[in-house]
Amino acid sequence: MAKKKVYAVKKGRQIGLFYSWDECSRSVSGYPGAEYKGFATEEEASAYLGVKTQETEAKDVRESDEDRVIAYVDGSYDQKIGKYSFGCILLTPGGEIIKESGNGDNPDSLAIRNVAGEMLGAMYAAQWAIRNGYKALELRYDYAGIEKWALGEWKTNNALTQKYAEYMKSRQKFLRITYQKVKAHSGDHYNEEADKLAKEALTNGAGIPKI
């Protein structure tokens with residue numbers, strides 16, 4: 001019996017890996033400029049998309065607790081002042097608690113309100129971890145898109161979510177990123193602190209902090 005192919009869709013209604021032609025066809029048939037290809041292995045298909053499989057990541061990165069930083073991120077938005085913001089609480093293995101925040105007023109980003117801030121916080125956390133020499137980041141968030149867009153499980157329907165997804169995927173070349181959803185306003189201390197920090201940053205923040 002012939003071994004089943006793995007189909008990688010780079011451009012279609014939904015990007016990612018598909019394990020049958022029927023699934024792949026639904027994503028690419030009739031889609032203008034569709035880009036896709038069939039492969040014998042998942043590793044080859046993932047390489048075509050420019051991402052690593054979990055197996056490959058595990059071989060590349062053997063992180064210990066000393067190599068991992070935890071980041072809580074949240075976003076906020078105020079229509080009256082026309083700004084969105086993020087709060088980021090970074091917990092290092094050495095016990096440090098680092099608080100970062102920032103705000104922005106990009107017109108396109110304002111359209112998605114506090115989600116723009118939370119995406120910004122996730123991107124900031126990833127780059128901070130890389131710049132400070134960590135091999136792994138555990139990203140704790142409360143909006144599902146933070147994980148779903150980054151992993152290709154949700155369609156990126158606009159330039160902002162596309163940019164976010166591409167950014168997070170590109171950082172995985174240097175950093176193993178895992179995601180953990182935290183229910184908003186559920187009493188999680190650092191989630192509440194990130195939310196508070198984001199709200200304060202709407203008026204106290206001085207733009208996007210440099211890393």
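Visitor: Between which two helices is the loop where Arg113 is found?

Guide: This is a predicted model, in which local features need pLDDT of at least 70 and side-chain atom pairs count only at pLDDT 80 or more, while totals for chains, interfaces and linings use all residues. Residues are numbered from 1 along each chain as its sequence is written, and side-chain values use heavy atoms, with hydrogens and water left out. Helices (DSSP runs of H or I, at least four residues) and strands (DSSP runs of E, at least two residues) are numbered from the N terminus. The loop that holds Arg113 lies between helix 4 (107–110) and helix 5.

Visitor: Is Arg113 buried or exposed, or does it count as something in between?

Guide: Buried means under 20% relative accessible area and exposed means over 50%, with partly exposed in between, using a 1.4 Å probe and protein chains only. Because the relative accessibility of Arg113 is 43%, this residue counts as partly exposed.

Visitor: What phi does Arg113 have?

Guide: Most residues other than glycine have a negative phi. Arg113 is not a glycine, although its phi is positive, at about 55°.

Visitor: Which residue just after helix 5 takes a positive phi?

Guide: Helix 5 comprises residues 114–131. The residue just after this helix has a phi of about 85°, and it is Gly133.

Visitor: How far apart are the end C-alpha atoms of helix 5?

Guide: The expected span of a helix is 1.5 Å times one less than its number of residues. Helix 5 has 18 residues, so it should span 26 Å, and this agrees with the separation of its end C-alpha atoms, which is 26 Å.

Visitor: How many residues of helix 5 are buried?

Guide: Helix 5 is mostly covered. Of its 18 residues, the number that are buried is 15.

Visitor: Which backbone oxygen does the side chain of Trp149 reach?

Guide: Trp149 sits in the loop between helix 6 (145–148) and helix 7 (159–171), and its relative accessibility is 9%, so it counts as buried. A polar contact is a pair of N or O atoms within 3.5 Å; within protein, one must be able to donate a hydrogen and the other to accept it, and residues adjacent in sequence count only if both atoms are side-chain atoms. At 3.2 Å, the side chain of Trp149 reaches the backbone oxygen of Lys155.

Visitor: To which residue does the backbone oxygen belong that lies 2.8 Å from a polar atom of the Asn103 side chain?

Guide: Asn103 is found in strand 6 (residues 97–104), where it is buried, with a relative accessible area of 4%. The backbone oxygen at 2.8 Å from its side-chain polar atom belongs to Ala201.

Visitor: With which residues is Gln180 in contact, leaving aside its neighbours within four places in sequence?

Guide: Gln180 is found in strand 8 (residues 176–181) and, at 36% relative accessibility, counts as partly exposed. Its contacts are with Glu138, Leu139, Arg140 and Tyr141.

Visitor: How many disulfides does a search of the whole structure find?

Guide: A disulfide is a pair of cysteine sulfur atoms within 2.5 Å. Cys24 is buried, with a relative accessible area of 0%, and Cys88 is likewise buried at 0%. The number of disulfides found is zero.

Visitor: What is the radius of gyration of the protein chain?

Guide: The protein chain has eight helices and eight strands. The radius of gyration is taken over C-alpha atoms, and the globule rule is 2.2 Å times the number of residues to the power 0.38. For 211 residues that rule gives 17 Å, and the chain is as compact as a globular protein of that length because its radius of gyration is close to this, at 19 Å.

Key: Contact = heavy atoms within 4.5 Å.
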